[in-house]
Amino acid sequence: MAVTILSVIQVIACLFLIVTILLQKAPSRGLSGAVSGQQETFFGSNKATGIEALLANLTKIFGVIFVLDSLILVLLG
């Protein structure tokens, strides 16, 4: 019974994770931004606001749920 509930949670978390990742805006810096421009967004001079911040936080939450649920299912299985 517990494995079934955790499997359903796994599928729901997976679907929400896919949706939140696909709804995020893609970075358009190209290769030069990938090599040299990461420091400015990492340290917060270009913080996302509004819906981008919400989607980033939801992605982190659903990612953690997905990983923890995967580990629990492996330990139970």
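Helix axes here are lines fitted to C-alpha atoms over the stretch in contact, and angles run from 0 to 180 degrees between N-to-C directions. With that in hand, here are the close-ups. This is a predicted model, in which local features need pLDDT of at least 70, side-chain atom pairs count only at pLDDT 80 or more, and totals for chains, interfaces and linings use all residues. Residues are numbered from 1 along each chain as its sequence is written, and side-chain values use heavy atoms, with hydrogens and water left out.

**View 1. The chain holds 4 helices and 0 strands.** From the N terminus on, the elements run α-α-α-α; helices (H or I, at least four residues) and strands (E, at least two) are DSSP runs, numbered from the N terminus. The average pLDDT, the predictor's confidence in each residue from 0 to 100, is 84 for the chain, and 74% of the residues score at least 70. Of the 77 residues, 17% are buried (under 20% relative accessible area; exposed is over 50%, partly exposed in between, with a 1.4 Å probe and protein chains only). Take contacts (heavy atoms within 4.5 Å) with a separation of 6 or more: residues 24 or more positions apart account for 89% of them.

**View 2. Helix α1 packs with helix α4 (residues 51–76).** Their axes are 9 Å apart, at an angle of about 150 degrees. That makes α1 roughly antiparallel to α4 (over 145 degrees; under 35 is roughly parallel, 65 to 115 roughly perpendicular and the rest oblique). Residues making the contact include Val3, Ile9, Ala13, Phe16 and Leu17 of α1, and Leu55, Leu58, Phe62, Ile65 and Leu73 of α4. By type, the contact residues divide into 17 nonpolar, 6 polar and 1 charged; Ala, Val, Leu, Ile, Met, Phe, Trp, Tyr, Cys and Pro count as nonpolar, Asp, Glu, Lys and Arg as charged, and the others, Gly among them, as polar.

**View 3. Here is Leu6, a residue of helix α1.** Leu6 counts as buried because its relative accessibility is 16%. Leaving aside neighbours within four places in sequence, Leu6 is in contact with Asp69, Ile72, Leu73 and Leu76. Look also for Ser70: its C-alpha atom is 8.7 Å from that of Leu6, although the two are 64 residues apart along the chain.

**View 4. Next comes Ile12, also placed in helix α1.** With a relative accessibility of 43%, Ile12 counts as partly exposed. Ile12 and Phe62 are 50 residues apart in sequence, while their C-alpha atoms are 9.3 Å apart in space.

View 5. Ile51 is exposed, as its relative accessible area is 54%. Gln24 is 27 residues from Ile51 along the chain, and 8.8 Å separates their C-alpha atoms.
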